[in-house]
Amino acid sequence: MGTNGSTMLEPLRQGLPPIDPSAVSGSATCALPARYEAVGGARQFTRSTLTGWGLSERFDDVALVVSELVTNALRHALPADPPREPQDPPVRLHLMRWTSRLVCAVRDPSQASPVASEAADSAESGRGLFLVESFSDCWGWHPSPVLGTEGSPHGGKLRGKVVWALFRLSEPA
């Protein structure tokens, strides 16, 4: 876990609403293991990052969205029996802050587009993207830039997608 420089931000800006790159005031990223326990780690990472940015009051909404995006990545993007080699592309959580916006983005190895499904009232799952849409100001996705070049079983570059959600922040007083 740790912060990341502007080189990681460049590909993530693709597909986002127009945001002035010079206004980026913070970015942080963490790799998440291919296990459902990673959702708790993502929430902890989000809490510490938002606290460091003075945005603790936004934690509940942002953490709910982060939890849904990470859960979706783990549920739908990873193979049922993931190989355990360390070169496997991880699911990654990125948090980026601008003066008046916060973006959380989750990158995963699947190229399949996220689909918002209609869940029955009694269903225990299937509302993830509905929640993301309800609690963020907007969301979207785009094909990911290269996830990694080392150890690809096909010798080529691995690709995936980035699913992002944007939160508008109140302007500083």
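E37 counts as exposed, at 57% relative accessibility (buried means under 20% relative accessible area, exposed over 50%, partly exposed in between, with a 1.4 Å probe and protein chains only). E37 forms a salt bridge with R35, and the closest N and O atoms of the two are 3.3 Å apart. Here a salt bridge is a side-chain nitrogen of Lys or Arg within 4 Å of a carboxyl oxygen of Asp or Glu. R35 counts as partly exposed, at 46% relative accessibility.

The model is predicted: local features need pLDDT of at least 70, side-chain atom pairs count only at pLDDT 80 or more, and totals for chains, interfaces and linings use all residues. Residues are numbered from 1 along each chain as its sequence is written, and side-chain values use heavy atoms, with hydrogens and water left out.

The chain has 4 helices and 6 strands. These are DSSP runs numbered from the N terminus (helices H or I, at least four residues; strands E, at least two). Along the sequence they follow the pattern β-α-β-α-α-β-β-α-β-β. The chain holds 173 residues, and 43% of them are buried. Its accessible surface comes to about 9300 Å², by the Shrake-Rupley method with a 1.4 Å probe; for residues, only the protein chains shown count as cover. Carbon and sulfur atoms account for 51% of that surface. Among contacts between residues at least 6 apart in sequence, 71% join residues at least 24 apart. A contact means heavy atoms within 4.5 Å.

The whole structure contains 2 salt bridges. Besides the pair of E37 and R35, K161 forms a salt bridge with D108, with the closest N and O atoms 3.1 Å apart. K161 lies in strand β6 (residues 161-168) and D108 in strand β4 (residues 101-108), so this pair ties together parts that are 53 residues apart in sequence. K161 is buried, with a relative accessible area of 6%. D108 is also buried, with a relative accessible area of 3%.

Strand β3 (residues 91-98) is mostly covered, with 7 of its 8 residues buried. It is paired with two strands; pairing requires that DSSP finds at least two bridges between strands. Strand β2 (residues 24-32) runs antiparallel to β3, and 8 bridges join them. Within this pairing, S27 has M96 of β3 as its bridge partner. β3 and β4 also run antiparallel, joined by 6 bridges. R97 stands opposite L102 in β4. The two strands β3 and β4 form a hairpin, with 2 residues between them.

H94 belongs to strand β3. H94 is buried, with a relative accessible area of 1%. Its side chain makes a polar contact with the side chain of T29, at 3.0 Å. A polar contact is a pair of N or O atoms within 3.5 Å; within protein, one must be able to donate a hydrogen and the other to accept it, and residues adjacent in sequence count only if both atoms are side-chain atoms.

Helix α4 (residues 128-135) has G128, L129 and V132 as its buried residues. They cover an arc of only 95 degrees around the axis, which puts them on the same side of α4. The arc is that of the directions from the helix axis to the C-beta atoms. An α-helix has 3.6 residues a turn, so residues three or four places apart point the same way. The exposed residues F130 and E133 sit on the face of α4 turned away from its buried side.
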